[in-house]
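Me: I am new to this structure and would like a close look at a single part of it. Please keep it brisk.

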Amino acid sequence: MKTALFVGLIAVLLAGASLAQAEDGRSLCANRPGKGSPPCVLDQGRFQVEVSGVDYSRDRTAGVTTETTLIGDLGLRYGLTPTLEAELAWSPYVQNRQHGGGPSSRTSGAGDLTLGFRKSLANPDGSGVSVAIQPFVTAPTGRSGIGADAWQGGVVVPVAIALSDSLGLGLTTEVDVAANSSGHGSHAAGSFVVGLGKAVGPVSLGVELWTGVDDDPAGRTTQASFDLSAAWVPQSLPNLQFDVGLNAGLNPDTPDLEAYCGLARRF
């Protein structure tokens with residue numbers, strides 16, 4: 001049933017894509033691919049769907065292999081004003097699987113629901129030096145073992161700097177209030193991303209360095225990764241983007257490998 005719903009969603013996104021025409025307004029700017037967030041905001045009244053086909057990560061630590069698969073990871077965006085948009089993110093299907101070093105285990109289900117708003121502070125189209133602020137809250141709607149089982153929230157501050165007509169620098173700072181792994185209380189967490197994006201015709205190539213710190217009372221963890229991505233916006237379909245990405249963990253606390261693909265469709 002979930003597979004049929006996902007296939008149906010992709011069909012809806014692609015249906016009518018051939019009717020997309022270049023329109024007055026901002027260029028297509030998607031949250032994906034990559035871990036950094038763009039500061040661009042949708043034009044008022046525009047709606048955008050961003051969906052991951054498959055997102056797979058694998059980590060092997062102390063003889064135990066952990067695999068996580070997300071299918072149909074969904075993001076919805078809507079332009080409320082020329083400088084403000086609303087965002088909703090949800091994972092309809094997540095599977096965590098562990099094997100090696102003992103009995104295998106598998107947990108699957110839907111993830112938590114996140115609602116956020118992005119307010120542009122400078123250049124909402126992402127040109128020049130563009131800055132935004134994005135507060136968000138996450139509701140514990142996911143299955144136990146998949147979601148956090150507690151309310152969480154935070155704020156993201158993305159910055160983009162155009163270095164030339166085809167080269168851009170991106171900086172994303174995030175500060176979170178995360179649930180304790182014990183199930184009681186909360187703690188501070190955060191991340192930082194620095195990335196370069198290069199446009200080559202209709203293709204955008206990206207490279208990022210990401211680090212995240214989680215100050216859980218049960219034990220502080222620091223993660224880091226080196227990430228590569230590519231996005232393609234067909235010249236005849238300016239409201240449609242396809243993307244792929246590959247992330248490599250740089251320390252033992254980070255998944256060894258993550259690979260994903262997806263698309264974004266603006267209406």
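Is Ser91 buried or exposed?

Reply: Ser91 is buried, because its relative accessible area is 12%. Buried means under 20% relative accessible area, exposed means over 50%, and partly exposed lies in between (1.4 Å probe, protein chains only).

A word on the source. This is a predicted model, where local features need pLDDT of at least 70 and side-chain atom pairs count only at pLDDT 80 or more, while totals for chains, interfaces and linings use all residues. Residues are numbered from 1 along each chain as its sequence is written, and side-chain values use heavy atoms, with hydrogens and water left out.

Now the setting of Ser91. Ser91 sits in the loop between β4 (84–90) and β5 (93–99). Helices (H or I, at least four residues) and strands (E, at least two) are DSSP runs, numbered from the N terminus. Leaving out residues up to four places away in sequence, Ser91 touches Leu70, Asp73, Ala110, Gly111 and Asp112. Contact means heavy atoms within 4.5 Å.

Asp73 leads on to another residue. Among the contacts of Glu50, neighbours within four places aside, is Asp73 too. Glu50 belongs to strand β1. Glu50 counts as buried, because its relative accessibility is 6%. Its other contacts include Cys29, Arg32, Leu74, Leu263 and Ala264. Glu50 and Ala264 are 214 residues apart along the chain, yet 4.2 Å separates their C-alpha atoms.

Arg32 has a feature of its own. The peptide bond from Arg32 to Pro33 is cis, with omega near -5 degrees. Pro33 lies in the loop between α1 (2–14) and β1 (47–61). Most peptide bonds are trans, and most residues other than glycine have a negative phi.

Two loop residues have a positive phi. Asn123 has a phi of about 55 degrees, although it is not a glycine. Its loop runs between β7 (113–122) and β8 (129–139). Asn123 is partly exposed, because its relative accessible area is 34%. Asp149 has a phi near 60 degrees. It lies in the loop between β8 and β9 (152–162).

A glycine in a strand comes next. Gly190 is in strand β11 (residues 186–200). At 23% relative accessibility, Gly190 is partly exposed. It touches Glu174, Val175, Thr211, Gly212 and Val213, residues up to four places away not counted.

Now step back to the whole. Buried residues make up 36% of the 267 residues. Of the contacts between residues at least 6 apart in sequence, 53% join residues at least 24 apart.

Last, the confidence. The mean pLDDT is 91, and 91% of the residues score at least 70. Residues 1–22 have a pLDDT below 50, and beyond near neighbours in sequence this stretch has 29 contacts in the model. pLDDT is the predictor's confidence in each residue, from 0 to 100. Where it is low, the predicted coordinates should not be read in detail.
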